[in-house]
Number of protein chains: 2
Amino acid sequence: MTPSEAYTELKEQMNKIAVLESTEGVLAWDLEANLPPKAIDHRAEQLAQLTSLQHDWFTNPRVGELIATVESSSLVMDPESEQAVNVREWRRLFDRETKLPTTLVEEFTRVTSKANQVWAEARKKRDFSIFQPHLESIVGLSRQKADCIGYDTERYDALLDEYEPRAKVAEIERTFAALRPELVELIGKIKDSPRKPDIAILRRPYDLAKQKVFAECMASAIGYDFAAGRFDLAAHPSCNDIGPWDTRILTRYTRDDLSDGLSSATHEVGHALYDMTQTNKEHWGTPYGLTGSLGIHESQSRMWENMVCRSHQFWIYFFPQLQRLFRTEIEDVTLEDFHAAVNWVSPSYIRVDADEATYNLHIMLRFDIERAIIAGDLDVADIPGEWNKRFKEYLGIEVDHDANGCLQDVHWSHGDFGYFPTYALGNLYSAQFWMQALKDLPGLLDDFTRGQFDRLADWLGEKIHSQGSRYDAAKLCERVTGSPLSHKPLMDYLYQKYSDIYGIQ
Amino acid sequence: MTPSEAYTELKEQMNKIAVLESTEGVLAWDLEANLPPKAIDHRAEQLAQLTSLQHDWFTNPRVGELIATVESSSLVMDPESEQAVNVREWRRLFDRETKLPTTLVEEFTRVTSKANQVWAEARKKRDFSIFQPHLESIVGLSRQKADCIGYDTERYDALLDEYEPRAKVAEIERTFAALRPELVELIGKIKDSPRKPDIAILRRPYDLAKQKVFAECMASAIGYDFAAGRFDLAAHPSCNDIGPWDTRILTRYTRDDLSDGLSSATHEVGHALYDMTQTNKEHWGTPYGLTGSLGIHESQSRMWENMVCRSHQFWIYFFPQLQRLFRTEIEDVTLEDFHAAVNWVSPSYIRVDADEATYNLHIMLRFDIERAIIAGDLDVADIPGEWNKRFKEYLGIEVDHDANGCLQDVHWSHGDFGYFPTYALGNLYSAQFWMQALKDLPGLLDDFTRGQFDRLADWLGEKIHSQGSRYDAAKLCERVTGSPLSHKPLMDYLYQKYSDIYGIQ
């Protein structure tokens, strides 16, 4: 068998797995969007069957042989070639999957499945002690998992790698450490500013059907293709990339909170535009057509949500449309007041409701705690105390109970240690890419005032989306912006925005 | 391995296949209900993968060995036991699947996939000659298929068996032959009756959203469980049995045709009530929990659609609700006029639009032609002439072009020879069961006037739904009604109904 034949067979096998995974995607989307309540057990059985099949196909020794044949050949000589990129990522995933003993995987599924129910109950009762023993089991298993996968210096790296390939906790910590005091200072200035946006204008009763019309109108103006996707309602917003021409958005609208629906829709459309890029369709189902970095993917959703759809220029174009839809609700509001309101900053307990300025502090707090737990420097029992101490330190407020503190997020009950930092990385990358886009595309913000987003979309498509997994996130950032990841672009961007709104320097 | 162990392993394997099939059910439902237009090719790939997996799992020689072990054991001594029923049906299906050479199956898929597109074009252009060569290929392959499967006396039996297990064409022909002249006579009397229901009252502009409310209200009153299913819109109405607690209905509403939405919804709910019966959930995924007879399943949809939801008593209860929803549209209409309108009889070209009296003649015509083609007594080229001749003979009208004639149905382009007769069998069974229900449940029609349908639903659940595949359709009919299938109950039922409406005897 020649390396080229091996690559062809490998690609066919991986395509087969990707098609089955996309079927699982339909089931998962349907679960959130449509499932009759009584059907939940059967749906779990359907999903478990597909997961198990994919695992069997992926960990087939034949896959390992094919990978070995290709990676020792001249096919991978150019590290940026389709073959080299795909085989490098398939190797990474194959090793991850095959290094974990089946007993550990099964135990992990069993424990997290139970823990997720217990977590929901603990959050409801605002009592961490109910969740604690389950979280202790999960931490134990996560450390075992990391040990099976292996790492150079810090155990947490092995977990982080699942969401942010080849990222290192030490590098992330350096960036976060530089960012933290500057954010805290910024938030202090905002707090002391005499200017206070009137967010009550977003809390009026906004008709849900009209909100939906507006969100879909924005989405299609930005570039979301409704012939290759659809919007449906769900409790938790998400972007579901089901197939090469099937990228569906689940979102929600809240009657007394216009900004919830706006930010959910624009965030998820940001994800969708990545998946809808032409080259990603051509290489659908392979790493060459999709980044493995959650941070990079999140940078796209955050850029559209924050840099574009919270910009003054965006609302120059869209505010008149919004006023026509909500005549009575919003006729007394000026564009400037509306823009200030959607950019309101105020420290609060809940991460998913946090504004652009405070959001990253929520993440850093989780990152600190996860890292200490996985390293063994912090006991699970001490999480609430540690959480509340840091929360006061970073955000200046006292946590009143654990449901507003360390019990608020679902991630740990799923065993997703290493996931949180990708949210902050997404914000950092989004700002660094954004500053570069402003340089590369003169007059970009003026485009928005005319409802034109093509130049930005094309730039993102070429510079980022079509790069797939060709480069790690850190390398991609350097190639696109000429510099390694830094906290400065984010701070520059935030100061620019808030100097207008809050009059700070 | 003991027979009991073999049965357990077999049942597990069959459950695995049923779960995968139910995933295919989600994809198929989603295709009709939600699919973005550009996603159609990828959906075809997803469906083909699941079909192929199921085929591989089902035709695994191990399945054959397990079946053989059980069927030669004492486990099947009682032919009505769960084990005996399941193994008998799995044997039938296993033999059907394994007797067909892979090359034939692939050729069939290839030819019908192309033919389906060509048929749509031919229908659009009203030109049978475009479709003719493709239909000739399909007929040739269908005859090969029948020969591989085997039959006793008539080749068509082998095809019929797929939809109506162990039914024989000669028996069906006897029933149809008795029914045909009586139907023709009945339709003649109706034609000559001076009473003419005013169907214009159904053709007023009925708001679609209100139609939806009314249809779902009827469905839940009849017994459809909205916690284990949902209603969505699609071009073609269907009932999708996805899982033991997930039976979804696709239906449609037409602005200028109230009866289309009413009959579609009540028909599909009739199917759903079969699948929603408790015992069928317990034995979900096995023949013991589901009839293999399309005729029996159709008898349930037709009973609810026609006997129940077109009855005078049903509308005594529901007409006031309808009037409240459509005040201005329907305030001048009496209950009697409305009831007459929804039971209007008039020969027309299109089967799916046909009324209760003429519908079976559409089927018999197709049955005659299919039978002659498969036997080799009729050339494909001669279908249009034969169709139009019989249509004039049975329904008294001249076919104006082939789109209103032999090109109207999709079935032949899919290669579904043997399917059509099950529609007429469904009507015949529904009438025979209905007449028995009226005997067994005194005052049944009065229940409907109070919006009560439980006694009928329970009777159907016990007598028919919970029997699954325990008996063939013919045997089940005899057990429930004490008589073999006959055309008389249907004629009696129709005369009862039309004597009221048309004043005929």
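Strands here are DSSP runs of E with at least two residues and helices are runs of H or I with at least four, numbered from the N terminus; two strands pair if DSSP finds at least two bridges between them. The model on your screen is predicted, so local features need pLDDT of at least 70, side-chain atom pairs count only at pLDDT 80 or more, and totals for chains, interfaces and linings use all residues. Residues are numbered from 1 along each chain as its sequence is written, chains are lettered from A and ligands numbered from 1 in the order in which they are written, and side-chain values use heavy atoms, leaving out hydrogens and water.

**Stop 1: the sheet in chain B**

Select β1, β2 and β3 of chain B: these three strands make an open, mixed sheet in the order β1-β3-β2. β1 (231-233) and β2 (238-243) are at the edges with a single partner strand each, so one side of each has no neighbour in the sheet. From one strand to the next, the twist averages 30°, where axes are lines fitted to C-alpha atoms (for helices over the stretch in contact) and angles run from 0 to 180 degrees between N-to-C directions.

Now pick β3 (residues 246-251) of chain B, which runs antiparallel to β2(B) and is joined to that strand by five bridges. Colour B:Asp241 and you will find B:Thr247 of β3(B) opposite.

Next, show helix α2 (residues 40-58) of chain A. This helix packs on the sheet and touches β2 and β3 of chain B (contact means heavy atoms within 4.5 Å); its direction makes about 70° with that of β2(B).

**Stop 2: the hairpin in chain A**

Move to β2 (residues 238-243) and β3 (residues 246-251) of chain A, an antiparallel pair joined by five bridges. Two residues separate these strands in a hairpin, and A:Asn240 faces A:Arg248 across the pair.

**Stop 3: two helices in chain A**

Select α8 (residues 169-192) and α16 (residues 356-375) of chain A, which pack at about 140° with axes 10 Å apart. The contact includes A:Phe176 and A:Leu183 of α8(A), and A:Met364 and A:Phe367 of α16(A).

**Stop 4: both chains together**

Finally, show both chains. Of the contact residues of chain B, 100% recur in chain A, so the same surface serves both copies.
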